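Work through the exercises below with the sequence and the model open. Each task is followed by its solution.

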Amino acid sequence: MMKISYQPFELQLKHPFTIAKFSRSSTPVMLLQIEYEGYTGYGEASMVPYMGESIETASQFLAKLDLSWLKMPFNFDEIITYLDSIAPGNPNIKAGIDIALHDLEGKIENKPCYRSFGSDPANMPATSYTLGIDTAEVLIRKIKEGKGCHIIKVKLGRDNDQELINTIRSATDKPLYVDANQGWADKQQGLDMVFWLHEQGVVLIEQPMAKDDIDSNAWITERSPIPIIGDESVQRYSDVEKALGVYHGINMKLMKSAGMHEGYRMIMKAKELGLKTLIGCMSETSCGTLAAAALAPLCDWADLDGPFLTSNNPFLDPPFVNGRWVLTEDAGLGLKNK
Ligand code: MG
């Protein structure tokens, strides 16, 4: 008999995090455990406020969940169809359940999760370290904190974008990822900024314009010397195809894709269409980070910095070497309790 338990948890950020549209200092998380025959699978739903889920909506969803019909080996196509039949939307809590079931399955089969996806740890991309919008002094301090990371990701989309980049460049010459978070309003100004950022050593740009402004995003993509990546505009599997012709690539996050199973399918679909793949995260503990790290070797780039940006991770930080998460031989996600 499968048994599920869960606890709300407030994941604290080391620094209040400001992006183009909002600022916050902690993130509500639902931690889940699914037990079966002496094994425990761990999952996490990180509920950043702008996605619309909360401890309350997650609890309502979980109250309707029935796992009694599940049989090993799990059929994840069937599982995601079942989760979607409980209620539409709710990708955060669906991801938490999917992650716990993958961890559980890996433990029962005594196999690391990444192996089930054909993911080779040797291909792990370096992960970036994200800076929110901040004063010069704080930015420089954050850059020093993130010294183990090889890539800096910077959130833009305000009127002092160039000043921010100049500040960062005064402290580091590492490659930069830029995330405009839909913050640019004019496509020509956006494109001028893209060219300027290219000269500053920026290697990719996420979501330059509003997600619904398909024409302007496509216009910039067509002219950009560096990859333009859709994030807010690409949530689940059916969105991947819509990114073709609008962006060079997609940012896949487990909290958008409703978990590892659909996330994997999104990555594979993007590759088939010739789209680039970035794997990203929300504010997540080691649980969500390891779930994404299991798929990261299938992607071109990784932005999995949850454990660096949070101060009360309830799990041990995964091993991190040479700017990369290290996937081990441990069964399941490889998650370790403190
Ligand atoms: Mg983004």
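**Exercises on surface, fold and aromatic pairs**

The chain exposes about 13,500 Å², of which carbon and sulfur atoms supply 50%; accessible areas come from the Shrake-Rupley method with a 1.4 Å probe, and for residues only the protein chains shown count as cover. This is a predicted model in which local features need pLDDT of at least 70 and side-chain atom pairs count only at pLDDT 80 or more, while totals for chains, interfaces and linings use all residues. Residues are numbered from 1 along each chain as its sequence is written, and side-chain values use heavy atoms, with hydrogens and water left out.

**Exercise 1.** State what share of the residues in the chain is buried.

Solution. Take buried as under 20% relative accessible area, exposed as over 50% and partly exposed as in between (1.4 Å probe, protein chains only). By this rule, 59% of the 338 residues are buried.

**Exercise 2.** Classify the ring pair of Tyr42 and Phe315.

Solution. Rings of Phe, Tyr and Trp (its six-membered ring) pair if their centres lie within 6.5 Å; planes under 30 degrees apart are stacked, over 60 edge-to-face, the rest tilted. The count comes to eight aromatic pairs. For Tyr42 and Phe315, the centres are 6.1 Å apart with 80 degrees between the planes, giving edge-to-face. Both residues are buried.
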